[in-house]
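Let's take a walk through this structure together. Have the picture open and follow along as we go.

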Amino acid sequence: MTAPAIAPLQVANVGKVFGRHRALAGVSTSMNAGEITAILGPNGAGKSTLLAIVSTLQAPTSGAVRWGDVELRRGSPERAALGYVGHEPGLYLDLGALANLTLFAALYGVADGAARAAALLERVGLGGAPAHAPVRTFSRGMLQRLGLARALVHDPSILLFDEPSAALDPAGVTWLGTELQRERDKGRVVVLVTHDLEAAAVLAEHVVILRRGRVVRDERRPQPWGAATLRAAYEESCRG
Amino acid sequence: MADRAPLPGFWAQAFRIAGKDLAIEWRSREILATSAFLAVIVVLVFSFAFVVGGVAPPPTVVAGILWVAILISGVVGLGRTFDRERDGDAIRALLLSPVPRAAIYAGKLLATIALMVGVEAAVAVLVTVFFNARVGENLGRLAALLLLGTVGFATVGSVFSAALLRARSRDVLLSTLLYPIVVPLLIAGARGTANLLDPSPDYDAAAFWTQFMVAVDVIFLVVGAWAFEPIVSGD
């Protein structure tokens, strides 16, 4: 990736209405490359809806998401630059690890997908795992590692994480944090939706706090925030 | 950085998705086993009910049995094919990939048709054996009828299965929604099959029902391809 890889992701006045429920209203922010953006907020604040819109899985009712000069939409080819890791691994549980990765590599048009898949398995620490056993037999932590490998298989410029550490043990959470930092240091746009203030405080330079579908805080700091600072900012933003 | 080749074409992606479904089935044989088991049970029960004193029922009844067996086993296969997309939230990863929704639909359709055809072959053999049906005499025409019925059933069934992906009681809902819609196919298939199984086959009538099924399939395919994207995207 060249120029587009460093373009920021712009969320411009995005709104989303489900029936009579307004999930998001006038949400605007920008997410820069080489930076981890944490999207925080209480349950029902609209975090996952915002991520679904950014990922192009859902269309906004109003507003737009732009990457560089391009509007990210379901049909736009630039959506191939997105990688997504959710709390579920996004894998076919009856296929093996290698088969899953080569399948997604093929769907994304990755040249030499098998080699890429094997390299990623090594990278996420699953090189020694049985390559052909159904991933249904994997532990939660192994599945999440494989889910990250799946998200990276096409070398995306934008990485979206939706509660990725849910149900991971402390070692898994630490590993995941290291991976997020590694991807940030590669110059990708990294967006993390989480309830875990401790993790966000350590990782994120950019914090967006949502409440009832609106941005109540959007602030950058040159270094990660630190737990006490972020908790105070969060509680202040969500009060009232 | 991973080298990016040009994105595969529509049909390459559709066949890749179908191949994935068939590879999963090859490993588990879950759909084929359960669908075939159900079909065998249906044929067996009807054979006990209708074969009296070694005399097979008339072709109209045999045709009905054949299509009921296919319908019941088909719903089971359809539901499970889409369950595999829901497990592990694989469908989200698939929808996020640059594969057109229509190619996903085509892929799921191809896999469902392939699996159903496998079960239908077994059912046709059973019907031949248990009811002494003259399947072999008009095998080509019967195969065409069965294939058309399968295509129509899978076309509309895949759309409903996708719509019910996250619904509770989706197995019950799938049957409830699907059966009334595929009734025209079922009637046409049963009537056409009966015409062909008769000792004096009525080829004109069979051709009429075949053409009717082609028309229904075309309508189902157009509507299915149009409806799949908004349904699977939750718009």
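We'll start with one residue in this predicted model. If you skip the neighbours within four places in sequence, Ala52(A) is in contact with Leu57(A) and Gln58(A). You can find Ala52(A) in helix H2 of chain A, which covers residues 47-54. Is Ala52(A) buried or exposed? A residue counts as buried if 20 or more other C-beta atoms lie within 10 Å of its own. Ala52(A) has 22 C-beta neighbours inside 10 Å, so it counts as buried. Now look over to Tyr92(A): it sits 40 residues from Ala52(A) in sequence, and the two are 21 Å apart in space, going from C-alpha to C-alpha.

Next, stay in chain A and look at a pair of helices. H3 (residues 97-107) and H5 (residues 140-152) of chain A pack at an angle of about 25°, and their axes are 9 Å apart. Angles under 35 degrees count as roughly parallel, so that's what we call H3(A) and H5(A). The crossing of H3(A) past H5(A) is right-handed. Who meets whom here? On the H3(A) side you'll see Ala97(A), Asn100(A), Leu101(A) and Phe104(A), and they meet Leu146(A), Ala149(A) and Arg150(A) from H5(A). Sorted by type, the residues of this contact are five nonpolar, one polar and one charged.

Finally, zoom out to both chains. Here 30 residues of chain B are in contact with 33 residues of chain A. On the chain B side, helices H1 (10-28) and H4 (90-96) each supply at least two residues. H1(B) gives the most, with seven residues. That side of chain B divides into 14 nonpolar, six polar and ten charged residues.

Technical notes
Residues are numbered from 1 along each chain as its sequence is written. Chains are lettered from A and ligands numbered from 1 in the order in which they are written. This is a predicted model: local features need pLDDT of at least 70, side-chain atom pairs count only at pLDDT 80 or more; totals for chains, interfaces and linings use all residues. Axes are lines fitted to C-alpha atoms, for helices over the stretch in contact, and angles run from 0 to 180 degrees between N-to-C directions. Helices (H or I, at least four residues) and strands (E, at least two) are DSSP runs, numbered from the N terminus. Angles under 35 degrees count as roughly parallel, over 145 as roughly antiparallel, 65 to 115 as roughly perpendicular and the rest as oblique. A crossing is left-handed if the near helix is turned anticlockwise from the far one by less than a right angle, and right-handed if clockwise. Two residues are in contact if their C-beta atoms, placed from the backbone, lie within 7 Å. Ala, Val, Leu, Ile, Met, Phe, Trp, Tyr, Cys and Pro count as nonpolar, Asp, Glu, Lys and Arg as charged, and the others, Gly among them, as polar. A residue is buried if 20 or more other C-beta atoms lie within 10 Å of its own, exposed if 12 or fewer, and partly exposed in between; C-beta atoms are placed from the backbone.
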